[in-house]
Amino acid sequence: MTRFDALRLIVINAIVSLLIVGGALSWSQWMQRSQKATFGTLDVAELYRLKESQVAAVLVKRDIGDLERAMAIQRAAVFGAELSKLIEALPQECGCLVLMRGAVLGSGAQLVDLTPDVRRRLGLEVRP
């Protein structure tokens, strides 16, 4: 092999390598633009506070009977399992990674608050 053949082989290898690396980078950038990661936040503490105030409102009423009070306590006992089941289904439903709101320090366009939807699904009201 002559020096000219070796130089030609080196140049061809360099060009092919640059094309492969350039194509891979372009594909990677295109994929990142088309598949932006989204994150969902959930304020679990707020949900528990709302349920607690909902149950407390029933328990402090004077004009209800023991049966209604027992039913309110039973609904409160089931709430944790109900919330856990809903939290397990959230990532699949929203197509996002669900984080506790207390673990998130900022907000952004890729951050979706799932708390209002979960609150509605659990029948929890926000009192002004």
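Q: Let's start with glycine 40. Which residues does glycine 40 touch, leaving out those up to four places away in sequence?
A: In this predicted model, glycine 40 touches Cys96, Leu97, Val98, Leu99, Val112 and Leu114, with residues up to four places away in sequence left out.

Q: Where is glycine 40 found?
A: Glycine 40 is part of strand 1. Opposite glycine 40 stands valine 112, in strand 3.

Q: Buried or exposed, that glycine 40?
A: Glycine 40 has 0% relative accessibility, so it counts as buried.

Q: How many bridges join strand 1 to strand 3?
A: Three bridges, and the two strands run parallel.

Q: Switching to helix 4. Which of its residues are buried?
A: Helix 4 spans residues 115-122, and its buried residues are Thr115, Val118, Arg119 and Leu122.

Q: Why do they line one face of the helix?
A: Looking down the axis of helix 4, the buried residues fall within an arc of 105 degrees, so they line one face. In general, an α-helix has 3.6 residues a turn, so residues three or four places apart point the same way.

Q: And what covers the buried residues of helix 4?
A: The cover includes strand 1 (39-42), helix 2 (44-59), helix 3 (66-94) and strand 3 (111-113).

Q: What follows helix 4?
A: Glycine 123 does, and its phi is positive, near 75 degrees.

Q: Now the largest nonpolar core. How many residues has it, and which have the most contacts inside it?
A: The core has 13 residues, and Leu42, Leu47, Phe79, Leu83, Val118, Leu122 and Leu124 have the most contacts inside it. Helix 2, helix 3 and helix 4 are the elements that give two or more residues to this core.

Q: Which helix gives the most?
A: Helix 3, with four residues.

Q: Last one: what does leucine 83 touch, again not counting residues up to four places away in sequence?
A: Leucine 83 touches Val44, Leu47, Tyr48, Val118 and Leu122. Val118 and Leu122 are also among the buried residues of helix 4.

Terms used:
Residues are numbered from 1 along each chain as its sequence is written. This is a predicted model: local features need pLDDT of at least 70, side-chain atom pairs count only at pLDDT 80 or more; totals for chains, interfaces and linings use all residues. Side-chain values use heavy atoms; hydrogens and water are left out. Buried means under 20% relative accessible area, exposed over 50%, partly exposed in between (1.4 Å probe, protein chains only). The arc is that of the directions from the helix axis to the C-beta atoms. Contact means heavy atoms within 4.5 Å. A nonpolar core is a set of buried Ala, Val, Leu, Ile, Met, Phe, Trp, Tyr and Cys residues joined through side-chain atoms within 4.5 Å. Two strands pair if DSSP finds at least two bridges between them.
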